[in-house]
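Have the sequence and the 3D view ready.

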Amino acid sequence: MVAIQETELRQGILDAIERAKGLSRSILVSEVHKIDNIDPFYFFATGRDKFLGERFFWKDPEGDFVIAGLGICGQIQSDQDADRFFHVEKEWKRFTENAFVYNNHKENGTGPSLFGGFSFDPLKEKTALWSKFSGALFHLPKYMLTIIKGNAYFTTNLVCTQHDDLSLFDKIMKERQGVLSLSNKKPVLAKLDIKDIVEINPEAWKETITDVVHDFGDSELKKVVLARELRLHFTDIIQAESVLKNLLDEQRDSFTFAFESNGDCFIGASPERLVKKEGASLFSACLAGSIGRGATPEEDEKLGDELLNDQKNLIEHQYVVDMIKAAMQETCDEVILPDQPELMKMKYIQHLYTPVIGKNREGTSLLDLVNRLHPTPALGGLPKQAAVEKIREVEQLDRGLYAAPLGWLDYRGNGEFAVAIRSGLIQGKEASLFAGCGIVADSNAESEYKETSIKFRPMLAALGGKKS
């Protein structure tokens, strides 16, 4: 069992109650401890009994940074169409400005930290598919484990009101020790048994591609990204931690995430960073243009060379490079990126990839950058506004969080967001998987259909489907 001493938490609760009385509002208390290392997957999985529906998990591609959260101490949500990024930022600042934070550690992602995301398009008509998620939804966990290069940090967050007393301290200490006592227990994972896989209107999707290609000649559009859905039916309720374990094992070089809300779980393993902020340092990535992996090293190299020299994919990739570079130049004194893309090789697919580094000007927040960058041409199209409007008009799918910004930010303004592709939505005994591709003037509907089939593979395999 991992033990934590009470240290400042008791006094913090007393001070917060007094401040709550003076301000007539709730006050956050947050305490951070460095602890013995525990497995963040175990931490997430063993929270199922007490915190099902209130968990999140995040791992970066290098595996150097992992966070897992249990419980909901606070929530920020919005379904408004305009200023949703600003709304979350304003509410987060209001929530933390009077907080008592006991954190002697400089590491990012310790102390009060939000996890969540924004829907792809707030103006798209919402369907029942995403009824459990708001257009912007972020959770502040009660208990959060942060692993940074093998070092473990444990954050406890609680909210005090003017009506609370010191019994709150006894309650939180008891619950916290219960959480930690289970944290090294290896979870029992349920088998994933797919009963049926249904493609949602594949022929209509192909017809939409043909129609959009036809429309290019009479519009300013250069590229439109269209997505489609697979619906999976299972014999039993899907255990999110079983899916997460498969993703962690099979997609090691991806951003791996799980985000629960009201019983549903959005989960995936995305290769694509949107933006990372560490103080004044910014990191983004251009990821567009893809091809499958080869069965042999020789075939794989041949496919990679084909991608690196394919004009359609190179043009599509350059659209993303130009957009991200321009967006970052608006807020950066310096933007650095290579002249040519390289290959990013994943388990089932390889992409054209260009990393971008910037030095941020003071005063530009992480969420401001997320707003400027979303959606990139890799997930929306070009021109940005016209492409999103076209998607809104012709795409049958309600994307929700798919292809949208998902990630975390801490109280110091640092954090990271990925583009939530290679993802799925778990709902009881069913799950929806999503995949899209960029449509340009010479696109062929059948080829694009095959590309999305490749992009379904990571999540299909993680859910117990075919792995090849």
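## What buried means here

A residue counts as buried when its relative accessible area is under 20%. The model is predicted. Phe-118 has a relative accessible area of 0%, so Phe-118 is buried. Phe-138 also has a relative accessible area of 0%, so Phe-138 is buried too.

## Ring pairs

A pair of aromatic rings is described by the distance of the centres and the angle of the planes. The structure holds 19 aromatic pairs. One of them joins Phe-44 and Phe-57. Their centres are 6.0 Å apart, with 80 degrees between the planes, and the pair is edge-to-face. Phe-44 belongs to helix α2 (residues 40–46), while Phe-57 belongs to strand β2 (residues 55–59).

Phe-118 and Phe-138 form another edge-to-face pair. Here the values are 5.2 Å centre to centre and 65 degrees between the planes. Phe-118 lies in strand β6 (residues 113–118) and Phe-138 in strand β7 (residues 136–140). This pair, 20 residues apart, also links distant parts of the chain.

## A cluster of rings

Ring pairs also build a cluster. Its members include Phe-56, Trp-58, Phe-115, Trp-130, Tyr-402 and Phe-434.

## Charges over rings

Which ring lies under the charged end of Lys-206? The ring belongs to Tyr-449, and the charged end sits 4.2 Å from the ring's centre. Arg-228 lies over the face of Trp-205, at 5.6 Å from the ring centre.

Definitions and conventions:
Residues numbered from 1 in each chain as written. Predicted model: local features only at pLDDT ≥ 70, side-chain atom pairs only at ≥ 80, totals over all residues. Heavy atoms only, no water. Phe/Tyr/Trp six-rings, centres within 6.5 Å; stacked < 30°, edge-to-face > 60°. Helix = DSSP H or I, 4+ residues; strand = E, 2+ residues; numbered from the N terminus. Buried < 20%, exposed > 50% of the residue type's maximum accessible area, 1.4 Å probe, protein only. Lys NZ or Arg CZ within 6 Å of the ring centre and 35° of its normal.
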